[in-house]
Amino acid sequence: IFTQRDPSVEEPGLDDLHHIGTRVSIRKAARGDHGYQLVLQGVERVRLVRLEGEQPFLQAIVETLDVVVDESPEVEALRRNVLDQSARLLTFLGQAPPEGADALVKQLSAQIGDPMYLAYFIAATLSLDQEKSQFLIEASDGHQALERIQTMLARELEVQEVRQRISSTVQTEMTKDQKQYLLRQQLRAIQ
C-alpha cells in the first residue's frame, strides 16, 4: 500500500505516490454501504520501484526495505522515553490511572522489542493524519522512528496540557461567577 501525495488525483501515476509504503496482509474484509472495509496488518516496509499495470488497479514492483537492528544505549533510552510519554498520555486522556498506565506500558515493553514496531503501534493509537503517518513510515531505522514518534507524543502531551489548563480556567471562572450569583441572591433575600 502506498499513499497518494494528492488524494484528489483520480488516476495516480508513479510521481503521485509516496515511494515508501507497506506490504500488508488482509485480516478481514467486509462489504459496507460505501464499498469494502478492510482490516490490514503491515508485514514489511517496501520501496516503490516502478508501476507495471494500471487495470483494473495499479500494480507495482517493489523492493523490501531491510530492517536495521540497533541495540545501542541511545535507542534504548529513546524507547523508554517513548514508553513513559505513552503512559503519561494515557493518564492525561483518562484512559488509565497512573498505576494502570504504568502496568500497561510495562506489558507493552515486554511484548514489543523492535523499536520500529513499537513506534508504529503507538502511532496507531494516536490516530495520526496521513502526512504524519507517512513521515513515520519513512523513518530509515528504529532510532529515527522512535525520535519521530517521541516528537509526536510530546506535541500531543502539550496539546492535552493546554486543554487541561483551558478547562481548569473555564471551571474556575464558572465557579467564581456561580459564587457571585449566589451571593447576589443571598443579598436580595436579606433585603
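Glutamine 144 is found in helix 5, where helices are DSSP runs of H or I with at least four residues and strands are E runs of at least two, numbered from the N terminus. At 23% relative accessibility, glutamine 144 counts as partly exposed; the cut-offs here are under 20% relative accessible area for buried, over 50% for exposed, and partly exposed in between, with a 1.4 Å probe and protein chains only. Before going further, a word on the model: it is predicted, so local features need pLDDT of at least 70 and side-chain atom pairs count only at pLDDT 80 or more, while totals for chains, interfaces and linings use all residues. Residues are numbered from 1 along each chain as its sequence is written, and side-chain values use heavy atoms, with hydrogens and water left out.

Back to glutamine 144. Leaving aside neighbours within four places in sequence, glutamine 144 is in contact with Glu138 and Ala139, contact meaning heavy atoms within 4.5 Å. Arginine 88 lies 56 residues from glutamine 144 along the chain, and their C-alpha atoms are separated by 22 Å. Now slide along to alanine 154, also found in helix 5. Alanine 154 is partly exposed, with a relative accessible area of 34%.

Glutamine 85 takes us to helix 1, where it is one of the buried residues, together with Val75, Leu78, Arg79, Val82, Leu83, Ser86, Ala87, Leu89 and Leu90. Helix 1 has 20 residues and reaches 28 Å from its first C-alpha to its last, close to the 28 Å expected at 1.5 Å a residue; that expected span is 1.5 Å times one less than the number of residues. Just after helix 1, glycine 94 takes a positive phi of about 75°.

Next comes the partner of helix 1. Helix 1 (residues 73-92) and helix 2 (residues 98-111) pack at an angle of about 145°, with their axes 9 Å apart. Axes are lines fitted to C-alpha atoms, for helices over the stretch in contact, and angles run from 0 to 180 degrees between N-to-C directions. The crossing of this pair is right-handed, meaning the near helix is turned clockwise from the far one by less than a right angle, with anticlockwise giving left-handed. On the helix 1 side, Arg79, Leu83, Ser86, Ala87, Leu90 and Thr91 meet Pro98, Ala101, Asp102, Leu104, Val105, Leu108 and Ser109 of helix 2. Those contact residues divide into 8 nonpolar, 3 polar and 2 charged; Ala, Val, Leu, Ile, Met, Phe, Trp, Tyr, Cys and Pro count as nonpolar, Asp, Glu, Lys and Arg as charged, and the others, Gly among them, as polar.

Take a look at serine 86, whose place is in helix 1. Serine 86 is buried, with a relative accessible area of 10%. Not counting residues up to four places away in sequence, serine 86 touches Val105, Ile122 and Leu153.

Two of those partners, Ile122 and Leu153, turn up again in the largest nonpolar core: of its 26 residues, Leu118, Ile122, Leu136, Leu146, Ile149 and Leu153 touch the most other members. A nonpolar core is a set of buried Ala, Val, Leu, Ile, Met, Phe, Trp, Tyr and Cys residues joined through side-chain atoms within 4.5 Å. Helix 1, helix 2, helix 3 (115-126) and helix 5 (142-190) each supply at least two residues of this core, and the largest share, 7 residues, comes from helix 1. Isoleucine 149 touches Val82, Ala119, Ile122, Ala123, Leu126 and Leu136, again not counting residues up to four places away in sequence.

In the loop between helix 3 and helix 4 (130-137) you'll find serine 127. Serine 127 is exposed at 66% relative accessible area, and has a positive phi of about 55° although it is not a glycine. Most residues other than glycine have a negative phi.

Finally, the strand end. Isoleucine 20 has its place in strand 1 and, at 11% relative accessibility, counts as buried. Beyond its neighbours within four places in sequence, isoleucine 20 is in contact with Phe2, Arg45, Val46, Arg47, Leu65, Gln134, Ile137 and Glu138. Threonine 22 is in strand 1 too, and is buried at 17% relative accessibility. With the neighbours within four places set aside, contacts of threonine 22 include Val46 and Ile137.
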